[in-house]
Amino acid sequence: MKSIKRAMAMCAAATLAFGAMSVMPASAAADSVDVKLSPSNETVEAGDEFTVTVDFTNADNGIVAFDFKVTYDDSVFEFVPTSDGNYPYIEIPDDLEDDPETDDVDESDPEWYVNEQMKPYKKENRYILGQVMGPASEPSGSAAFNWLNGAGTNNKRTTNPGNIVELTFKVKEGATAKDYTIDVSDASFIYVDKTTKTNTALTVNTTAASVKVTAPEVAVTGLTVNPETIEFAKTGLTQAITAVVSPDNATDKTVTYTSSKPSVATVSDDGVVTAVAEGTAVITATAGTISKTINVSVAHTHATTKVNAVAATCQKEGNKEYYKCDCGKIFEDAAATKETTKAAVTLAKLDHEFTKKVMSDKTLKSAGTCTKKAVYYYTCALCEDEISDTLTFEGDLDENKHGDTEITGAVAADYFKDGYTGDKVCKDCGKVLEKGTKINMLLPTKVAAKAATCTEAGNKEYYKGGDKLYTSDDPETAVETTLAEVTIPATGHAYGEPTYSFNADYTKCTAKKVCANDNSHDVSETVDTVKKVTKEPTYDETGTATFTATFTTDTAFKQQVKEVTLPAKNHKYTPVDAKEPTCTEDGNIAYYVRDDGKLYSDLAGTQEVTEEQVKIPATGHDFVLDPASVQFNDDFTVCKATLKCKNDASHTQDVESTNIEILENVDPSCTEDGYTKYVVTFGDETVEYILTKAALGHTWGEWEIVEEATEEKDGIKKRTCSACEVEETETIPALTPADDGEKTDDGEKTDDGEKTDD
């Protein structure tokens, strides 16, 4: 079997002297492990080969054994074993190396348990951590793999999370195109605690690989159905249809079925036809673009039920004795040999005898009145319920029932004259059915007296009835009058002398006169004034101005002139906010600018200042070196950096220096890193820079047998580093009685019984 191997990777790191180092904490043991299957190709087709990688995560290097099966659909995928039966296997961590400088270790120290007791075999700078055994003999569609590194609590080697095994599969010819999964089952992972050396079975969480198989679409070219005709003897029977699609490798071999008359015959999705009722139907089978038909007929067997004879009456038809079937047909005999019709067995209704007189609301044609007798329809003497449509007989008069009526003797009421509603009289017999009543006379409405105003006429008290006017509402004393006799003419206006008023800023003036008869009546006019400055005001003295108002709407309004004192002028002060200085621009303190251009430190204008007194000079640049910007060229002969201003970090200046010195140089050894320390000078600034060079690692020679292994005891082999002459020894396991091959230099057997060099 192939050994587990890991290639060591070397790297160099550069760090500035003012940088900080960090240490990653060791991982703790988990209580579960995540196993994931990842395909190299998620979409494949027939003939393709692809790999599936099985790896596990979420577990530290305490895994000492595992066992699992890989399951797949063997009708689609073919497992392809490696040519030599070996499988790639997991990498291991660097921290499993032991310290070659000394063999003096404390075996009770848990770290020794990891670094010494668990130390893997090593050859050609690669580490052997056990063997993947598999695939074992399993049922078709699965392959089993396992790795066990010791037993009990004295396990000597553990493995790290990562790739477990890589498997190869091939897609079989004719594989159905759809999505498939390749998964892990029956998985078991064992963890050992480094300190207590106890084993724990972990919970295993698996993620399957999803692979989509695609294939060129193959069209349906033929469809055969059997039978082509179905004859059912009665309803309720069933018959299955067999359909064969060609070619065999058609992409979609689905067959669908439909019935032309589901009321006669139905068909299921899988082609089972059921007889429902007498008649014929056509079943159509379809695959792809090809359809076939199956003719279906359903016969009917009559099952008759006797219908007894019923005599006809004047209200209802009768019938002769006959037999009927559920299909709707009727027969003269129970055996259904003589079909007949509904009309042939029906007995017509008898004629009514309309001779019976019944006076009721049901038989009433027209009611009797004071002059006409009532009229009724005859009823049937046989059934007594049926009423004639045409035959009638007379009843009695109804003296209390009158026809049309009219109102006579009605007189309308008028002002100071009673009226009468009139009598209700029957037009047919002339009888007064209802006497009338008196209608009281109408009285005129009072119109109150109203005094005359300047613009409106008034009136005396009077009474209005309709379109007539009266002096009173008393029928005994009322006299008719006219509108002219009761009207009082308007008095007209009596305006006084005008008054004048200016607004607050004298820009407008209003003239107004009021009526003496009604002070709510007035005439007014507001006009804009004309301003004329007769003396200009200064900052020290007041001025004067006249405002003239000229009116045009009324000749009674005279021109008005108003002389007004103008106040002395006041200075205006504009504030200027304080501004901080920058590296390149001046700032200033807060101050005020008067309207005449003078500067003051106060709003009252008592303390005058100059532009120099309010200015704050610019700070200027204060550049310092940014250590993080230091960058060397490839041969460390030129170094570039950036200066940043302390006052404003956005102000920068790039600098370059060739003033580079090497303070110290230490070459790396097999086990220890080396380094070179540089000092760079930028004007007055200096910075140290350290370039780390990774340890070289041992350069091992070939293994030499120190002591041969026998069946009674282990052997010993050693090898030497050509660089530092450190020696490393390992145990050669004791031989078993079954070993009959020859041992190689390192004591391992070949596949045919001989041990190889590795």
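This is a predicted model: local features need pLDDT of at least 70, side-chain atom pairs count only at pLDDT 80 or more; totals for chains, interfaces and linings use all residues.
View 1. Most peptide bonds are trans.

View 2. P227 belongs to the loop between β16 (222-226) and β17 (229-232).

**View 3. D186, a strand residue with positive phi.** D186 is part of strand β12, which covers residues 179-192. Its phi is near 50°, a positive value in a residue other than glycine. Most residues other than glycine have a negative phi. D186 counts as exposed because its relative accessibility is 54%, and the cut-off for exposed is over 50%.

**View 4. Y506, a loop residue with positive phi.** The loop between β46 (499-502) and β47 (508-514) contains Y506. This residue, which is not a glycine, has a positive phi near 65°. With a relative accessibility of 26%, Y506 counts as partly exposed.

**View 5. T692 and D673.** T692 is located in strand β63, residues 685-693. The C-alpha atoms of T692 and D673 are 6.9 Å apart, although the two residues are separated by 19 residues along the chain. T692 is partly exposed because its relative accessible area is 24%, a value between the limits of 20% and 50%.

**View 6. The largest nonpolar core.** This core has 29 residues, of which L37, F50, F77, F169, I182 and V213 touch the most other members. Elements that contribute two or more residues include β2 (32-39), β4 (49-57), β5 (63-71), β6 (77-80), β11 (162-171) and β15 (209-214). Strand β12 gives the most to this core, with 5 residues. Another core, of 22 residues, lies apart from it; among its members are F232, Y257, A281 and A285.

**View 7. The surroundings of F169.** F169 is one of the residues that touch the most other members of the largest nonpolar core. Leaving aside residues up to four places away in sequence, the contacts of F169 include F50, V52, V70, F77, F79, V80 and I182. F169 also touches D48, E49, Y72 and E78.

Key. Residues are numbered from 1 along each chain as its sequence is written. Side-chain values use heavy atoms; hydrogens and water are left out. Helices (H or I, at least four residues) and strands (E, at least two) are DSSP runs, numbered from the N terminus. Buried means under 20% relative accessible area, exposed over 50%, partly exposed in between (1.4 Å probe, protein chains only). A nonpolar core is a set of buried Ala, Val, Leu, Ile, Met, Phe, Trp, Tyr and Cys residues joined through side-chain atoms within 4.5 Å. Contact means heavy atoms within 4.5 Å.
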